[in-house]
Number of protein chains: 2
Amino acid sequence: MSSASVKDVSSLEFSGVVGSRGAFIKWIFSPKDGAPTFAMRLIKIEAGGTLPEHFHPWEHEIFILRGSGRVRIGENTYDVSEGNAVFIPPNLPHEYQALTEMLFICVIPNAGVPPEYR
Amino acid sequence: MSSASVKDVSSLEFSGVVGSRGAFIKWIFSPKDGAPTFAMRLIKIEAGGTLPEHFHPWEHEIFILRGSGRVRIGENTYDVSEGNAVFIPPNLPHEYQALTEMLFICVIPNAGVPPEYR
């Protein structure tokens, strides 16, 4: 059985996101913590930074903690900022562009995500 | 296929949490939005409010946006505040007590959660 866990997220280390300009990620909870169904990450994109177009067979559910930027999902572009939530369905190409430093929670399922991705 | 969605979370309505004292919930993304695997909710507990002990066969992944309180999970009690993240495994009894008004993101899986719960 997996154990309860409380983390101070500010004490976790950021890693650079491969292929990005100025994007960093912390894994808060993942299968390594015994999380059975989905993983919670914190993503930071520096002002002017980008996470260029990509797509994958898993969805994102995002909550923006701070900052502002643009998210393109398929054919549509959305201006987003603190307090906005974003649902990106599986397989839709998407990209992020930060206008000010953006910080957001991004949740993904465990199933279908290659272990080397984590 | 489900569609992309961007929501201003502040514009969504809170509902009271049955059995709580001073706890309220907004469903941000759920199967109703086409979310395939997990649901994202925002929970508010007023200062002094409580969500009394309960348990269920699904897990929680929580990120605390604001406020402070205590979370008891099984035999352990944790002081939590803004920037903390909490993993509550399936089937462990847990309860929340807010010291100041708490606001947190709480993600649960879709599978195994009765539809009438949503």
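Me: In this predicted model, what makes Y78(B), V80(B), N84(B) and V86(B) contacts of V6(A)?

Reply: Two residues are in contact if their C-beta atoms, placed from the backbone, lie within 7 Å. Leaving aside its neighbours within four places in sequence, V6(A) is in contact with Y78(B), V80(B), N84(B) and V86(B); these four therefore meet that limit with V6(A).

Me: Why is V6(A) called partly exposed?

Reply: V6(A) belongs to strand β1 (residues 5-8) of chain A. A residue is buried at 20 or more other C-beta atoms within 10 Å and exposed at 12 or fewer. V6(A) has 17 such atoms within 10 Å, so the term is partly exposed.

Me: What makes strand β10 (residues 102-109) of chain B a partner of strand β4 (residues 38-54) of chain B?

Reply: The criterion is at least two bridges, and β4 and β10 of chain B are joined by eight, in the antiparallel sense; they therefore count as paired. I45(B) stands opposite M102(B) in β10(B). Strand β5 (residues 60-66) of chain B is also antiparallel to β10(B), with five bridges, and I62(B) has C106(B) as its bridge partner.

Me: Why are the two copies said to be related as by a two-fold rotation axis?

Reply: Chain B is superposed on chain A by a rotation of 180° with 0.0 Å of shift along its axis, at an RMSD of 0.0 Å. The copies are thus related as by a two-fold rotation axis. The same surface serves both copies, since 100% of the contact residues of chain B recur in chain A.

Me: Which residues and elements make up the side of chain B that touches chain A?

Reply: In chain B, 39 residues are in contact with 39 residues of chain A. Elements giving two or more residues to this side of chain B include β1 (5-8), β3 (21-29) and β7 (76-81). The most comes from β8(B), with five residues. By class, this side of chain B has 24 nonpolar, ten polar and five charged residues.

How values were computed. Residues are numbered from 1 along each chain as its sequence is written. Chains are lettered from A and ligands numbered from 1 in the order in which they are written. This is a predicted model: local features need pLDDT of at least 70, side-chain atom pairs count only at pLDDT 80 or more; totals for chains, interfaces and linings use all residues. Helices (H or I, at least four residues) and strands (E, at least two) are DSSP runs, numbered from the N terminus. Copies are superposed by least squares on the C-alpha atoms of residues with pLDDT of at least 70 in both. Ala, Val, Leu, Ile, Met, Phe, Trp, Tyr, Cys and Pro count as nonpolar, Asp, Glu, Lys and Arg as charged, and the others, Gly among them, as polar.
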